[in-house]
Amino acid sequence: MADHQGRGRPALAGITLGCDYNPEQWSPSVWLEDVALMTVAGIDLVAINIFGWSDLESQPGRYDFDRLDAVIELLHANGIAINLGTATASPPPWLSAQHPEILPVAADGTRRFPGGRQAWCPSSPVYRRHALALVEQVAKRYGRHPGVVLWHVSNELGCHNALCYCDVSAEAFRAWLRQRYGTIAALNSAWGTAFWSQRYHDWAEIQPPRATLSAGNPTQILDFHRFSSDALLDCHQAEAEVLRRHSDAPVTTNFMVTAHIRNLDYWSWAPHVDIVANDHYLDHRLDDPTAELSFAADLTRGLSGGEPWMLMEQAAGAVNWQPYNLAKTPGQMLRNSLTHVARGADSISFFQWRAAPYGAEKFHSALVPHAGTDTVAWREVLHLSAVLKRLREVAGTRVLADTALVFSWPSWWAADGDGRPSEAVRYLDQVHAVYNELRKLGVTVDVVAPGADLSAYRLVAIPCLYAVSDADATRINEYVAGGGHAVVTFFSGIADEKDHIRLGGYPGAFRDMLGISVEEFFPSEPGRTFGLSTGGRAGLWAENLRLTTATALTRYTDGPLPGVPAVTRNTYGDGTGWYIATALDTTTLRDVLRQAVETAWVPATGPEGDGSVEVVRRADGERRYLFAINHGTTTVELPATGHELVDDQPITGTLRVGAGQVRVVREDRAR
Ligand code: GAL
Ligand code: ZN
């Protein structure tokens, strides 16, 4: 998938180290110090010109490239490769002063002002015209520069401006809907407008899902998400087209595969970048930020079709945009980086090189902190750099996984919509719950799209796949019938891609495969739990499930449905469908997943535990590497034989991984 444009990847060897660099914030004397320090730190790749627009174009059509020229020459002369931004992420103040119509509009009809960043409507032709004129200049000027090895389109497209409800966006939404549905009758049927007197008779009557008094139309909202993701992808495509006319360097943009951003359906974006790149920040608002990092890395690898990918941004220490911005503990930055590498990244980059003394991100960490280089942070950077150099030979290998997990942005949008049975059931929580227990079992997971070819997997996890098309459901059911094993969790297979409920008993898409039929949901208040006949507890959700061909593995002993099955197992064709009808406590969930893992003969990559020890393998036809990352507080021993690369020492049978340490073993070939 990654090489579909035929441009390949940036011409860089090994596992590269990089960063965002904002020389426009500093004087040329600091640049010299920066480049000298970058050389010391072994920085391979530097992203520049991400927010350069107001610097490059002081008034419409008046460009000044002197400063950028100088920075590019300086980096290139010092052997540092350039990841060149198109500078369109944040328009200069003059553009919105002259054209306030480019400013985005929120669902309540209020405009957002400039003064932050990304204050532009993704559908604005005025923004587009000015942005592409700039990209044309940048691409023409630097497209053949030998130092420019990668293009960085905009920055985190849709981070702040994903959903714009202005009149221009409304018109673009209508055009998108005409394309999707062809006739107004088809739209009426898809949107279920017979409900609440919403039938449209003319395209002009259709609005984006602006703020309403009561709940809005769920399919209108779902389609607006799809439209908005496509509108931003179109912005990417428009810039990429210009870049590809002037340059042979690969083109990418930084995705945001992370827990707090959900507006872009990256399955549809991934085929359009030459290499998949992601930004990831540990989110301390989550129960297990480290496990979420692993999940995001596995999903990013999925987007890359299993090919190596780039971590475009992470923080060296704290960020500045969470309620409490935790500093990283000693070794944590190295462990986080190595988790990304273990899970398929061949490039580790940071936001940002030097901590700024001013601006909205003045408290955001950097490779060079406010305190300078006589610091713990800087020594950790040097150490990371040394480790990555020792892992050079790992580059290009692929992660080994026998288990897949199906992930869907439209299911996220639809399952978390208004008017659902329980607002305490959230898509990503349910995905993380299953993923985290598989991770504790030592099972490496490939995250795949609905509709993906599952034939290579022994086991497929399907958490909360609420909205699923007939075609994608058939793919899953046929995989099981052909001998596969699927674990499906509650609130999956409920609706189709239009968010219309599948009738005849839940979960309509998977009822036969699972051998069950459900008449009614019994969500319960968060905090309330019910007992299970096999021990353990459940909560949040129950269903009055009837067995058709499945057998019950455990039943409720109390709660709303005593005696009713909570977990089932069904033989379907040559395979097995497991169903988890409630939110199990983590131990019980892991027990069920363990049974599935064992039945499906999934080989664990690492030991079972509390998730504090991650073991992942990367391999190619000839070599195999074991990554062991110990986030815990005690030393662990793992069976391994080969050569350890971080400490450069032979391993004969037992690998010791101290508390907080990382180890990478080139394993001797299996006999
Ligand atoms: C990213 C962004 C960077 C910087 C960083 C701070 O979202 O691309 O420019 O703002 O977050 O964590
Ligand atoms: Zn708009």
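Trainee: Let's start with Ser385: is it buried or exposed?
Mentor: Keep in mind that this is a predicted model. Ser385 is buried: its relative accessible area is 6%, and the cut-off for buried is under 20%.

Trainee: Which helix is Ser385 found in?
Mentor: Ser385 sits in helix H12, which covers residues 376-390.

Trainee: And what is Ser385 in contact with, leaving aside neighbours within four places in sequence?
Mentor: That would be Leu17, Ala41 and Gly42.

Trainee: OK, new topic. Which residues are the protein donors of the zinc ion (ligand 2)?
Mentor: Cys121, Cys164 and Cys166 each give their SG, and Ser169 gives its OG. These donors lie 2.1 to 2.3 Å from the zinc ion. Along the chain, their spacing reads C-x42-C-x1-C-x2-S.

Trainee: What arrangement do the 4 donor atoms make?
Mentor: Tetrahedral, because the angles they subtend around the zinc ion run from 93 to 117 degrees. For reference, the ideal angle for four tetrahedral donors is 109.5 degrees.

Trainee: Are Cys164 and Cys166 buried or exposed?
Mentor: Both are buried.

Trainee: Switching to helices: how do H6 and H7 cross?
Mentor: The axes of H6 (residues 167-181) and H7 (residues 184-191) cross at roughly 95 degrees and come within 9 Å. The two helices are therefore roughly perpendicular to each other.

Trainee: Which residues make that contact?
Mentor: From H6 you have Phe173, Leu177 and Tyr181, and from H7 there are Ala186, Leu187, Ala190 and Trp191.

How values were computed:
Residues numbered from 1 in each chain as written. Chains lettered and ligands numbered in written order. Predicted model: local features only at pLDDT ≥ 70, side-chain atom pairs only at ≥ 80, totals over all residues. Heavy atoms only, no water. Donors = N, O, S within 2.8 Å, 3.2 Å for Na, K, Ca; no water. Tetrahedral: all angles 85-135°; square planar, octahedral: opposite > 155°, others 65-115°. Buried < 20%, exposed > 50% of the residue type's maximum accessible area, 1.4 Å probe, protein only. Axes fitted to C-alpha atoms, helices over the stretch in contact; angles between N-to-C directions. Helix = DSSP H or I, 4+ residues; strand = E, 2+ residues; numbered from the N terminus. Parallel < 35°, antiparallel > 145°, perpendicular 65-115°, else oblique. Contact = heavy atoms within 4.5 Å.
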